[in-house]
Structure formats: C-alpha cells, structure tokens
Amino acid sequence: MSAESPSTRDSYIENSVPAFRHREPFSQLLEDLQVKGWSVQDNFFSEDFTTELMIEAARIQTDYMLQAGVGRKQDHRVLLDVRRDHIQWIDPDDAAIRKDFLNAMEDLRVALNRRLFLGLFDYESHFARYDEGAFYDKHIDAFKGQGSRILSTILYLNEDWQDGDGGELVIYDELNPDIEIGRFLPKKGRLAVFLSECFYHEVKVAHRTRHSIAGWFRMNSTTGKSLDPDQ
Ligand SMILES: O=C(O)CCC(=O)C(=O)O
Ligand SMILES: [Fe+2]
C-alpha cells in the first residue's frame, strides 16, 4: 500500500497536465522546512506543467497587471524605490492551468499540515513580472505575531536564465539578517519556500524580464469581530 494521500494521487492522474513528476513530490521540501525553515527545489513540478504556467504568465498583458505595492489593506502603498514588479492575483475561480496550480498547492498545503502541523488555512498567489531594471528590496513577508502569512512560496518560470541576467533571490540568516545564506537564479521550475516571519529576502535587479508566481500559505486570522481577507 502506498502512503501517499488520496488527493495527491487524484491530482497526479486527473489534471490535464500532471502537476508532479513522481508520487513522492514533497518529501525533500518537508524535510528541509523541518530542519532549517526554508527549501529551494528544482523541477518541483513536471516540465509540462511549468511550461503551461510560463505560457500563461507570458500571455498576461500589462493592462491587466497592477504595480505591486507594500502593506495590506488600508496600509497598502506603491513604493517604487522598494519594489518594481507588476502582479496579477490568481483567483480561486480561475480555470485551466491556474486552477491546476491552485489544486497542486492545495495538495502541498495538506501535506504540510499533516507532516509539520503548520495549521495552514488557505493560499493566496499572484503572477509577478519584473521588467528589466526591476527589483524588490530586502524585506520580510510577515511580522512576528502580526501577519497571517506563514509560509512564502515562489515558483520561477524563466527559460535559460544565466548568471549575468541578475534577478537572484537572496535569502538572509534567520538570526542575523546581515548574513546571506543563499542566492538563487530564478530558473524555470525552481520553487523557493520559507517561513514568512523568519527570513529576510530580496530580489536583485533583473537584467531581463523575470516571471514568477509568488504565494503565501496563511493561517485563518478571521475572528468573530473582524474578517481577514486575502491580498
Ligand atoms: O520573486 C522572488 O524571488 C521574491 C518575491 C518576494 O519576495 C515577494 O513577492 O514578496
Ligand atoms: Fe517577499
């Protein structure tokens, strides 16, 4: 008998493009998170699946994208000296490959809760495009005890990304955010995951257009008095 969850098996078989390359897609990622709180995996999804997502990313026209901002809800501001990417949120009602992506991340959410008891409640995500010259200064995705974002994910979609193309994700040490602990090119199929409250990170200036899907697994911060909407 296989130990995998039924939902993983279902999405492996039923998606038009299978999301995962094999039947134990999460084990290394879960182990890394348990040991060090972050993980970078190459070829996390099947090649065809990532290609479909890249085609989708390239189709989004600038008119339908937002200049990304900083802060949530009423604190939201566009600060061009801090970040320069354009984004488009993925909607739970979206169809086709976007839906398949959300389903695959739902499988990951269930696996994370089962293995690591993270209590992840939902997932919000957006396509992001960094044009030549765009960057995102060093920042943290959630402040301790304040945010509902628990785990950050970024899937990179860029074919043939070379050293000189810039746009690296830099991750800083949890205890001493002055120390760089990892630097990763945004290569097609690479997935970066880290605890949102623990790791400062930054996107270096991109020297060509850089596509990705950034997302956050969240806990449920809705209380009887106030609703905690996504985005
Ligand atoms: O694209 C990346 O490598 C990181 C993006 C990021 O840090 C964010 O959107 O919060
Ligand atoms: Fe971030």
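The protein chain contains four helices and 11 strands, where helices (H or I, at least four residues) and strands (E, at least two) are DSSP runs numbered from the N terminus. This is a predicted model, in which local features need pLDDT of at least 70, side-chain atom pairs count only at pLDDT 80 or more, and totals for chains, interfaces and linings use all residues. Residues are numbered from 1 along each chain as its sequence is written, while chains are lettered from A and ligands numbered from 1 in the order in which they are written.

**Overall chain**
- Of the 231 residues in the protein chain, 33% are buried, that is, with 20 or more other C-beta atoms within 10 Å of their own, C-beta atoms being placed from the backbone.

**Sheet**
- An open sheet is formed by four strands in the order E5-E10-E7-E8, with antiparallel pairing; strands pair if DSSP finds at least two bridges between them.
- Its edge strands, each pairing on one side only, are E5 (136–139) and E8 (180–184).
- Strand E7 (residues 169–172) runs antiparallel to strand E10 (residues 201–203), and three bridges join them.
- Isoleucine 171 is placed opposite histidine 201 of E10.

- Around ligand 1 are Ala128, Tyr136, Asp141, Ile154, Leu169, His201, Val203, Ser212 and Ala214, each with its C-beta atom, placed from the backbone, within 6 Å of the ligand.
- E10 and strand E11 (210–218) are the elements that give two or more residues to this shell.
- The shell around ligand 1 comprises six nonpolar, two polar and one charged residues; Ala, Val, Leu, Ile, Met, Phe, Trp, Tyr, Cys and Pro count as nonpolar, Asp, Glu, Lys and Arg as charged, and the others, Gly among them, as polar.

Methods:
Buried ≥ 20, exposed ≤ 12 C-beta atoms within 10 Å, placed from the backbone.
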